[in-house]
Structure formats: structure tokens, C-alpha cells
Amino acid sequence: MKQLHKILLVTATLCGSTLFAQQVTQFSQYQQSLSVMNPASTGMIDDLKLNLGYRNQWLGLGNSPSTFILGAEKGIKMVVVEKQPLALRTSHNESYHVVQGDSSYAKIKHGIGAYLMSDKYGAFSKNILNLSYAAHYGINEKLTASAGLSLGFSNFKFDQSLATP
């Protein structure tokens with residue numbers, strides 16, 4: 001009787017389970033395109049940053065994994081208001097002025113970015129178009145808290161002609 005329970009348990013476990021797997025894109029220089037991994041890092045620097053990368057693995061083997069990525073991101077300097085007037089004034093008030101803020105001292109800085117990635121591995125391929133936005137809040141001169149959002153489109157494809165039986 002115990003043996004029958006063991007057989008039923010093993011059969012139910014094997015038949016009732018569904019396995020899912022995924023291929024994670026491999027980056028060797030991911031520190032050069034941080035916004036691909038983490039949208040909160042988009043626009044950390046104010047300059048326009050363009051990324052172009054290609055990685056081909058397992059050279060000499062057929063249908064080897066290859067990855068292509070093209071990305072751009074830009075930090076947007078925000079205007080910092082040093083002191084707000086308490087009332088609407090028609091004359092020029094010296095205590096109220098707007099200064100074009102340096103990004104390291106701005107209270108909130110924004111960043112926008114986009115990337116296009118094509119990843120092929122064997123009979124599988126995926127294409128990704130992604131847009132990202134980040135807000136960086138300067139806590140002090142050395143510390144920044146960031147939050148980011150990412151919106152994208154993914155296309156996964158399986159080519160049966162490349163699959164080997």
C-alpha cells in the first residue's frame with residue numbers, strides 16, 4: 001500500500017507540473033547602460049548619453065547567442081527657486097530670483113531615455129523597445145534618491161526551421 005502511495009505521488013508530481021524557462025539577456029558591459037537594468041538610473045548625468053553595443057557568444061557554433069542594443073538617455077536640469085515671495089509683487093523684488101540649478105544641487109531632476117534591443121539565441125529571438133523615465137531627488141550634495149518607470153514593447157519569436165529534432 002505504501003508503495004502504491006509513492007508511485008501515485010511521483011506520478012501526480014510529474015504529470016501535474018508545468019515547467020517554464022526564460023533566457024536572460026547577457027551583458028558584459030552593463031555598467032555602460034544602467035538604464036537597461038534599472039530605469040531609476042535614467043538621466044543621472046545631464047549630457048545626452050548614447051549607447052551602442054553588440055555581443056556575440058560561442059563563436060564558431062551555429063545559432064550562437066547574439067545581442068544588439070541601441071540606447072539614449074538625457075538628464076533634464078530643473079530650475080531651482082531659491083525663495084518664494086509671500087505675495088504677488090508688481091515691482092522687482094531682490095529676495096526672489098530664479099537660478100538655473102546645477103544638477104547636483106537641484107531638488108528634483110528628471111531623466112528620460114529609450115533603448116532598442118535585439119537578442120537572438122538558437123531558434124528564439126526577441127526584440128524590445130523600451131521607454132524610461134526617472135525622477136532624482138537630491139537629499140544633500142552627496143546623496144540622491146531615485147525612482148523610475150519603464151514602458152516597453154516586447155516581441156518574442158520561435159523559428160521552427162532552426163530547431164533541431
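**Around E73 and beyond**

Tutor: Setting aside neighbours within four places in sequence, E73 is in contact with S35, S41, T42, G43, M44, D47, L48, K49, N51, I112 and G113. Contact here means heavy atoms within 4.5 Å. This is a predicted model, in which local features need pLDDT of at least 70, side-chain atom pairs count only at pLDDT 80 or more, and totals for chains, interfaces and linings use all residues. Residues are numbered from 1 along each chain as its sequence is written, and side-chain values use heavy atoms, with hydrogens and water left out.

Student: What makes the approach of E73 to S35 a polar contact?

Tutor: The two side chains meet at 3.0 Å. The term asks for a pair of N or O atoms within 3.5 Å; within protein, one must be able to donate a hydrogen and the other to accept it, and residues adjacent in sequence count only if both atoms are side-chain atoms. The value of 3.0 Å therefore falls within the limit. The E73 side chain also reaches the backbone nitrogen of G43, at 3.0 Å.

Student: Why do K109 and D46 count as a salt bridge?

Tutor: Their side chains come to 3.2 Å, N to O, so the pair passes the limit given above. The structure holds one salt bridge. K109 sits in strand β5 (residues 108-121) and D46 in the loop between α2 (34-37) and β1 (49-56), so the pair ties together parts 63 residues apart in sequence. Helices (H or I, at least four residues) and strands (E, at least two) are DSSP runs, numbered from the N terminus.

Student: How do you know whether K109 and D46 are buried or exposed?

Tutor: Buried means under 20% relative accessible area, exposed over 50%, and partly exposed in between (1.4 Å probe, protein chains only). K109 has 5% and D46 has 13%, so both are buried.

Student: How much of the protein chain is buried?

Tutor: Buried residues make up 24% of its 165 residues.

Terms used: Salt bridge = Lys/Arg side-chain N within 4 Å of Asp/Glu carboxyl O.
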